[in-house]
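Please keep the sequence and the model in view while reading.

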Amino acid sequence: MGPKSSRIGNVSDELRGEKIDVIRWAPDLPTFVANALAPAKVLGVELFEDEGIGLVTVPDHQLSLAIGREGQNVRLAARLTGWRLDITSDSEAAEARERYLAEREARAAEAALGETAVVEEAVAEDGAVEEDVIDQDDLLRRLQEIKRELFTSE
């Protein structure tokens, strides 16, 4: 950074006054995400690596600071970390987490039933194969029932 941040000042001057934020790097990803959202105080970061999503909890009074004007802070932190970041206040964290997990289960159910027809085979004693083919309308009906069950249980 240099004495009195002179190096950063020189770089900013070369970029015609562009603002530069310095983020402390950390090998621990939740810590790095928290650093990227500074000056907001981050209470917790829960990462879902299979989907590249991080659920970030901040104090209620710092929610707008973490998100930034028009989402600028969280957008920059997401680009920097390479993760999609969902920020929630401390008072709504449990509800947001449950909602996210329900959506995640719904996506998994849709992926499991995503084909237009599901063929179940049962081998009879004589070696014959019985097929039960589910048509697309029945499959969509089943998916809607699963979604209703997931979202009405909250």
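A residue is called buried when its relative accessible area is under 20%, exposed when it is over 50%, and partly exposed in between, with a 1.4 Å probe and protein chains only. The model is a predicted one, in which local features need pLDDT of at least 70 and side-chain atom pairs count only at pLDDT 80 or more, while totals for chains, interfaces and linings use all residues. Residues are numbered from 1 along each chain as its sequence is written, and side-chain values use heavy atoms, with hydrogens and water left out.

**Overall architecture**

- The chain contains six helices and five strands; helices (H or I, at least four residues) and strands (E, at least two) are DSSP runs, numbered from the N terminus.
- Starting at the N terminus, the order of elements is α-α-β-β-α-α-β-α-β-β-α.
- Of the 154 residues in the chain, 26% are buried.
- The chain exposes about 11100 Å², and carbon and sulfur atoms supply 48% of this area; accessible areas come from the Shrake-Rupley method with a 1.4 Å probe, and for residues only the protein chains shown count as cover.
- A contact means heavy atoms within 4.5 Å. Among contacts between residues at least 6 apart in sequence, 48% join residues at least 24 apart.

**The nonpolar core**

- In soluble globular proteins, nonpolar side chains tend to be buried together.
- A nonpolar core is a set of buried Ala, Val, Leu, Ile, Met, Phe, Trp, Tyr and Cys residues joined through side-chain atoms within 4.5 Å.
- The largest core here has 14 residues, and Leu37, Val56, Val58, Leu85 and Ile87 touch the most other members.
- At least two residues of this core come from each of α2 (29-36), β2 (53-58), α4 (72-81) and β3 (84-89). Helix α4 gives the largest share, three residues.
- Which residues does Val56 touch, not counting those up to four places away in sequence? They are Val33, Leu37, Val42, Gly44, Val45, Leu85, Asp86, Ile87 and Thr88.

- Val11 belongs to helix α1 (residues 6-14) and is partly exposed because its relative accessibility is 43%.
- Together with Leu15, Ile20 and Val22, Val11 makes a nonpolar surface patch of about 330 Å².
- Patches are made of residues with over 30% relative accessible area and no salt bridge; like charges are joined within 9 Å, and nonpolar side chains (Val, Leu, Ile, Met, Phe, Trp, Tyr) within 5 Å.
- Ser12 is also found in helix α1, but Ser12 is buried, with a relative accessible area of 15%. Beyond residues up to four places away in sequence, Ser12 touches Gly17, Glu18 and Ile20.

**Asn35 in helix α2**

- Asn35 lies in helix α2, and its C-alpha atom is separated by 6.2 Å from that of Ile23, twelve residues apart along the chain.
- Leaving aside neighbours within four places in sequence, Asn35 is in contact with Ile23, Arg24 and Ala26.
- A polar atom of the Asn35 side chain lies 2.9 Å from the backbone oxygen of Arg24.

**Salt bridges**

- The structure holds seven salt bridges, each being a side-chain nitrogen of Lys or Arg within 4 Å of a carboxyl oxygen of Asp or Glu.
- Glu51 and Arg107 meet in one of them (3.2 Å, N to O). Glu51 lies in the loop between β1 (44-48) and β2 and Arg107 in helix α5 (residues 93-112), so this pair ties together parts that are 56 residues apart in sequence.
- Glu51 is partly exposed at 31% relative accessibility, and Arg107 is partly exposed at 37%.
- Arg84 pairs with Asp86, their closest N and O atoms being 3.0 Å apart. Arg84 is partly exposed at 48%, as is Asp86 at 24%.
- Through shared partners, salt bridges join Asp50, Glu51, Arg104 and Arg107 into one network.
- Asp21 and Lys19 also form a salt bridge (3.8 Å, N to O); Asp21 is exposed at 52%, and Lys19 is exposed at 69%.

**Backbone details**

- The peptide bond from Ala38 to Pro39 is cis, with omega near 15°, and Pro39 sits in the loop between α2 and β1.
- Arg16, in the loop between α1 and α2, has a positive phi near 55° although it is not a glycine. Arg16 is exposed, with a relative accessible area of 82%.
- Glu70, another residue that is not a glycine, has a positive phi of about 55°. Glu70 lies in the loop between α3 (63-67) and α4 and is exposed at 73% relative accessibility.

Key:
Polar contact = N/O pair within 3.5 Å; in protein donor to acceptor, adjacent residues only side chain to side chain.
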